[in-house]
Amino acid sequence: MTANEALLKALIEHAEKLEDLTQDEYETILVLLEAAHAEALGQISTLWREKDIGEIATRVNMTYSEVTNKIKAAMDKSLPRLADNEVTQIQAMLEEIIPGVAIKGAMVEWQKIAERPAAAGSTLAQLVDALGVNNMTDVVETTKRAIEQGKTLEALVLELRGRAVRRAKWVGGKYVAGKYTGGIMTVDTRQAEALARTAVMHVSNTARDIFWQANEDIIKGYMRVETLDERTCIECGLEDGRIYGVNEPKPFLPVHINCRAYYCPLFKSFRELGIDADELPETTRASMNGQVPKYTTWKDMLESASPKEQAEILGPTRAKLYQQGMPVESFVKDGKLLTLKELK
Ligand SMILES: [Zn+2]
């Protein structure tokens, strides 16, 4: 295996580990958010008799702005650690793949990561704020409508909370989140998962960017790598495997909320490094050929997928067009997915 192939393989495995961290981060946010939902429901129940939407809105607003701060505080604890771990692990990865080549460490300043837009032009703090505001607005608007329509409290709670599969409870002073189906709060809870994923991808990508930049003397370019499954979006799928020169401008990753893309650097060949061959261990010398690793891109995967899988990846209508010979590139214009109406 060449050094570039080994790095790509290691980074793909590493991306799976990041998925576990996403799950941890999500659970932390979930517990906080579910507690806020419970608190908001309590406030609505207490104030229900007066039907004073102004007072309800004030209390609910306070609850969700408090949880916003709690989520930020939790992230401020876990994410800087993630950034540091990322650099340590990637450094160890390189030392194993290309022994004998000098690797530089990198200082990761948390402030810089926090300030950089995480996705769609918003910083992590702004994404957390949006989550709080969305939840608050949904709860207040639904309550207001219920009052106007003369609904019962029970009907409102069902509309907000959905049906409990397992109720939330306190166990030994620790809040254990419940499980619900349906309900506006349940839908909002899903945003928390997107937030967790975006946070982990943003922090890991930015920390790595800083590390790669510190080591650009051994790097000749970058390949964009997408996490490949039926959830990969078409816009990103088409960018999978795209190669950028070191100084060529390339998009910050993640591109959007829930985006799971990252860059895999391409090492220079040992000759391009200008190192005296004798200085490098023979295995490193043999593996550093500077070539782009063999890689099955999203497009390759799509091509070899069954018609049913293609329908899962592209959606049924696009899959049909694709099977009739329409190139997948024509589904996207200027990085944006065309609607089915625009396609026709
Ligand atoms: Zn995408």
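1. Helices (H or I, at least four residues) and strands (E, at least two) are taken here as DSSP runs, numbered from the N terminus. On that basis the chain holds 12 helices and 9 strands. This is a predicted model, in which local features need pLDDT of at least 70 and side-chain atom pairs count only at pLDDT 80 or more, while totals for chains, interfaces and linings use all residues. Residues are numbered from 1 along each chain as its sequence is written.

2. As to overall dimensions, the C-alpha trace of the chain spans about 85 × 50 × 30 Å along its principal axes. A residue is called buried if 20 or more other C-beta atoms lie within 10 Å of its own, exposed if 12 or fewer, and partly exposed in between, with C-beta atoms placed from the backbone. By this count 31% of the 344 residues of the chain are buried. Two residues are in contact if their C-beta atoms, placed from the backbone, lie within 7 Å. Among contacts in the chain between residues at least 6 apart in sequence, those joining residues at least 24 apart make up 70%.

3. The chain is divided into domain 1 (17-202) and domain 2 (217-343), with bounds that come from an automatic or database domain assignment. Taken over C-alpha atoms, the centres of domain 1 and domain 2 are separated by 30 Å. To the contact between them domain 1 gives 12 residues and domain 2 gives 14 residues. For the make-up of such contacts, Ala, Val, Leu, Ile, Met, Phe, Trp, Tyr, Cys and Pro count as nonpolar, Asp, Glu, Lys and Arg as charged, and the others, Gly among them, as polar. The side of domain 1 that touches domain 2 then divides into 8 nonpolar, 3 polar and 1 charged.

4. A helix pair deserves a look of its own: the axes of helix α4 (residues 124-148) and helix α6 (residues 184-214) come within 10 Å and cross at roughly 180°. Therefore α4 is roughly antiparallel to α6. Angles under 35 degrees count as roughly parallel, over 145 as roughly antiparallel, 65 to 115 as roughly perpendicular and the rest as oblique. Axes are lines fitted to C-alpha atoms, for helices over the stretch in contact, and angles run from 0 to 180 degrees between N-to-C directions. The contact includes Leu124, Leu127, Val128 and Leu131 of α4, and Ile184, Asp188, Gln191 and Ala192 are among the residues of α6 that take part. The residues of the contact of α4 with α6 divide into 8 nonpolar, 6 polar and 2 charged.

5. In the order β6-β5-β7, 3 strands form an open sheet with antiparallel pairing, where two strands pair if DSSP finds at least two bridges between them. Because β6 (243-245) and β7 (261-267) stand at the edges, each with a single partner strand, one side of each is left without a neighbour in the sheet. Direction ignored, neighbouring strands of this sheet are turned by 30° against each other on average. Helix α1 (residues 3-47) packs on the sheet and touches β5 and β7, its direction making about 160° with that of β7.

6. Turning to the individual pairings, strand β5 (residues 219-226) is joined to β7 by 7 bridges, and the two run antiparallel. Within that pairing, Ile219 stands opposite Phe267 in β7. β5 and β6 also pair in the antiparallel sense, over 3 bridges, and the bridge partner of Met223 in β6 is Ile243.

7. Leu302 has its place in helix α9 (residues 298-304), and it counts as buried because it has 21 C-beta neighbours inside 10 Å. Leaving aside neighbours within four places in sequence, Leu302 is in contact with Gln310, Ile313 and Val328. The C-alpha atoms of Leu302 and Tyr322, which are 20 residues apart along the chain, are separated by 10.0 Å.

8. Some backbone features call for checking against the model. Most residues other than glycine have a negative phi, and most peptide bonds are trans. A cis peptide bond joins Leu253 and Pro254, with omega about 0°, and Pro254 is found in the loop between β6 and β7. Lys51, in the loop between α1 and α2 (53-97), has a positive phi near 55°, and with 14 C-beta neighbours inside 10 Å it counts as partly exposed. Asp334, in the loop between β8 (332-333) and β9 (336-337), has a positive phi of about 50° although it is not a glycine, and Asp334 is exposed, with 6 other C-beta atoms within 10 Å.
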